[in-house]
Amino acid sequence: MQKQLDTPYVYLELEDDLLIGYYKKDKKIDLAAAKQIVKDRLALAGDQPVLALAINLGVKNMTKDARDYLASEEGVKKVIAGAIIVGSPVGSFIGNWYLSISKPLVPSRIFTRKEAAIKWLQQFRK
């Protein structure tokens, strides 16, 4: 069964244990927005642990506070593993650099293709 939730910052789809978040174009994500995104994700998924796939459709800016919160214990609550889709090799380089210094609390990886990201996430299914 698929559930959906459209929010100001991200469109969320949940099918079984796979949660896909489409981060909307031209949005600025600050700490308050990041907290709302997590709150919305938890409301949609409930107590169910999820494999999270974030697809960046052109977010204009994400503050350091927002990135740090999304990578925190509270930000990854009920997330088994996370994959992020970026649209360019430069975005992939920057994302991988950020992951290497932020030391995510759950397995995390950057991708440029949705199919590859989902395949990688599937290894973490319980």
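Predicted model: local features only at pLDDT ≥ 70, side-chain atom pairs only at ≥ 80, totals over all residues.

Colleague: Which strand does G21 lie in?

Modeller: G21 is part of strand β3.

Colleague: And is G21 buried or exposed?

Modeller: A residue is called buried when its relative accessible area is under 20%. G21 has 5% relative accessibility, so it counts as buried.

Colleague: How do strands of a sheet pair?

Modeller: They pair through backbone hydrogen bonds, and the pairing can be parallel or antiparallel. Here, six strands make an open sheet with mixed pairing, in the order β1-β2-β3-β5-β7-β8. At the edges sit β1 (2-6) and β8 (108-111), each pairing on one side only. From one strand to the next, the twist averages 15°.

Colleague: In what sense do β1 and β2 pair?

Modeller: β1 and β2 (residues 10-15) are antiparallel partners, joined over five bridges. Within this part of the sheet, D6 is opposite Y11 of β2.

Colleague: Which strands does helix α1 lie across?

Modeller: Helix α1 (residues 31-45) lies across β1, β2, β3 (18-23), β5 (50-56) and β7 (79-85), and runs at about 25° to β2. Helix α4 (residues 114-122) also packs on the sheet, where it touches β3, β5, β7 and β8. The direction of α4 makes about 165° with that of β7.

Conventions. Residues numbered from 1 in each chain as written. Heavy atoms only, no water. Pairing = 2+ DSSP bridges. Helix = DSSP H or I, 4+ residues; strand = E, 2+ residues; numbered from the N terminus. Axes fitted to C-alpha atoms, helices over the stretch in contact; angles between N-to-C directions. Contact = heavy atoms within 4.5 Å. Buried < 20%, exposed > 50% of the residue type's maximum accessible area, 1.4 Å probe, protein only.
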